[in-house]
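This report examines a model made of several chains. Please keep the sequence and the structure in view while reading.

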Amino acid sequence: MSVIQALDIGLALLVLAVAGWTIAAREAFASVVGYVAYGLLLSLVWVRLFAVDVALTEAAIGSGVTGVLLISAVVRLRKTEAPAAAERPGVVLRALAAALCTVVAAALAAVVLLMPDPGATLAPEAGQHLGELGVGNPITAVLIAYRSFDTMLEKVVLILAVIGVWSLASDGNWGGVAGPRRGARPEGALAFLAQLLPPLGIVVAIHIVWVGANEPGGAFQGGAILAAMALIVLMARLTEAPEIRRRWLRLALIAGPAVFLVVGIAGFAIPGSFLAYPAGWAKPLILLIEAFMTLSIAATLPMLVIGPPDRPPS
Amino acid sequence: MNVAIDIFTIVAISAGAVFFMAGTVGLLRFPDSFTRLHALTKADNLGLGLIVLGLLPQASGLLGALKLVAVWVLVQLAGATVAQLIAHALRRKGPPT
Amino acid sequence: MSAAILAGLTGAALVGLGLYGLLTDPHPLRKILAFNILGSGVFLLFGIIARKGAAAGFAADPVPQAMVITGIVVAFSATALAVTLLLRLFQETRRATLEPDAPAKTPDAGVDG
Amino acid sequence: MTEFLLAAAGFVLLTVAVGLLRVLGGPGNVDRTMAAQLLGTGGIAALLLVAAATGVRGAEDVALGLALLAAFAAVALTNSAAPPEGRDPE
């Protein structure tokens, strides 16, 4: 067994151990911390699968932003743990569930082992038109060109999620400052971090969006890092979250899909079909879409994390 | 020359790995949360620093090296802040247990 | 055994683990966590499909990778919505589960084998 | 050299994992958060080592992203465990 195999097996076992902990932990908080660690380990696994774009997304969203969401939620829900634990199903039912899940896992494992090697692939097709698009990263090409419809609708899903979250506000609070009321100002150390981190984060985010055309990176990953920077500023209470009735906030939320849609409809006029890019204009249009998508993601994710307004507009 | 650089890398990374181990041993052996905090935030940042130092000669170009240093600086910053925050949170709860 | 097959097997096991948590844990937040673990297991299965599709000079097939990226973002927005719903339920009723004696249930539905 | 880097990555990951699995069990939430922080630092170190060994392009950016977000779990904990919500004198 070579060193790299040992490392891979160790990593796989560690991922499974932490996932098992997340499921089995007695306290919900321990489970959430396990999940945060699990997200970090998964991004290591994705690097080992040579899927660096996915690793970046997992690192930024799976571990960072989700961590904040879940930890704040679990602290607020502490009182509900004991009543819920009383409803735990009995041993027989759990054994049945375990058996069912083992069967499902075994079937999937069999699929993995029986998968043809080399398998079906769209990589040659994805690589063929990279020159015309002026993009070197095939994943960016898939996201913004070949399957751009998916990506546009996914942005719409994000907006629907924000609308869903906001609509959980009480009637009187509609339009107010997003997120729950907050206590006193936090310690200086956090304020210091929140002042120092965002400039660095913005540079890294822009770098990741920019190199996304040719290297691993792109609008999702960069936008998620920007969103994380917004979150740390909010957590340190350096500034108040915006009121959700603000026009600039709503414009920022829809800018990405709106620009996408405009470019898509313009495709009817010039190259002749929806979301087609006119020859020679692909690269600038892709950059335009990516820039606005980054903005929208950076605005959407913090809104999803901090939740609906908890007080009426001033 | 190459051999010298490789030896430097190996020495620095090995030293870094030892510091990581020291951090874990501290986490396992120290009696309370305050002392564990020491083990965590100091030993580890030194460990990562040494590993970054060892990887610097292997980095691809100036930008790669810059990124490595930036990673270390950011983790330092995070570690220092977290140590402060956790210590405050612990003190609010009462004396060490 | 290659890294890809190992990751695929890990993904299969994660789907099983997540499904178990989803079925047996009564706390909704834990169910959300379990569902996310199930989802990441499926994503890892996409990872092995991508890796096996390595061709044309790419280390992995870009199409499944792009789908996973989209999937991670959508999974996050669903998680955020679910967590917010849960917090709102807690705010209204001070509990995290629905009333056990809701009208749709028969009197002995709370007992299990 | 490659083998050495990979072995070092495995060693770091192993030591960090031992710490993580021991402390996840408690005694308190603060200790659990510390364990996650430890895994964060160790994971970044292992990622850098693996990236250097396998030559995966762009892995430094993943490390950069993780380093930017390294403090988030602990910040979220201390932030939401801090003074009770809804008592804001406004």
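## Basis of the model

The model is predicted: local features need pLDDT of at least 70, side-chain atom pairs count only at pLDDT 80 or more, and totals for chains, interfaces and linings use all residues. Residues are numbered from 1 along each chain as its sequence is written, while chains are lettered from A and ligands numbered from 1 in the order in which they are written.

## Chains A and C

Which chains share the most contacts? Of the four pairs of chains in contact, it is chains A and C; two residues are in contact if their C-beta atoms, placed from the backbone, lie within 7 Å. Chain C contributes 71 residues and chain A contributes 85 residues.

On the side of chain C that touches chain A, at least two residues each come from helix H1 (3–24), helix H2 (28–52) and helix H3 (62–93) of chain C. Helices (H or I, at least four residues) are DSSP runs, numbered from the N terminus. H3(C) gives the most to this side, with 21 residues. By type, this side of chain C has 47 nonpolar, 17 polar and seven charged residues. Here Ala, Val, Leu, Ile, Met, Phe, Trp, Tyr, Cys and Pro count as nonpolar, Asp, Glu, Lys and Arg as charged, and the others, Gly among them, as polar.

## Chains A and D

In this pair, 54 residues of chain A are in contact with 49 residues of chain D. The largest share of the chain A side, 13 residues, comes from H3(A). The residues of that side comprise 39 nonpolar, 10 polar and five charged.

By contrast, chain C and chain D do not touch, and their nearest C-alpha atoms are 10 Å apart. Chain B and chain C do not touch either, with their nearest C-alpha atoms 20 Å apart.

## Helix H3 of chain A

Of the 25 residues of H3(A), 23 are buried, so this helix is largely enclosed by the rest of the structure. A residue is buried if 20 or more other C-beta atoms lie within 10 Å of its own, C-beta atoms being placed from the backbone. H3(A) has a kink of about 40 degrees centred on A:Gly67, where the bend is the angle between axes fitted to the seven residues ending there and the seven starting there.

## Helices H10 and H11 of chain A

The axes of H10(A) and H11(A) come within 8 Å and cross at roughly 170 degrees. That makes H10(A) roughly antiparallel (an angle over 145 degrees) to H11(A). Axes are lines fitted to C-alpha atoms, for helices over the stretch in contact, and angles run from 0 to 180 degrees between N-to-C directions. The residues of this contact divide into 17 nonpolar, three polar and no charged.

How values were computed:
Buried ≥ 20, exposed ≤ 12 C-beta atoms within 10 Å, placed from the backbone. Parallel < 35°, antiparallel > 145°, perpendicular 65-115°, else oblique.
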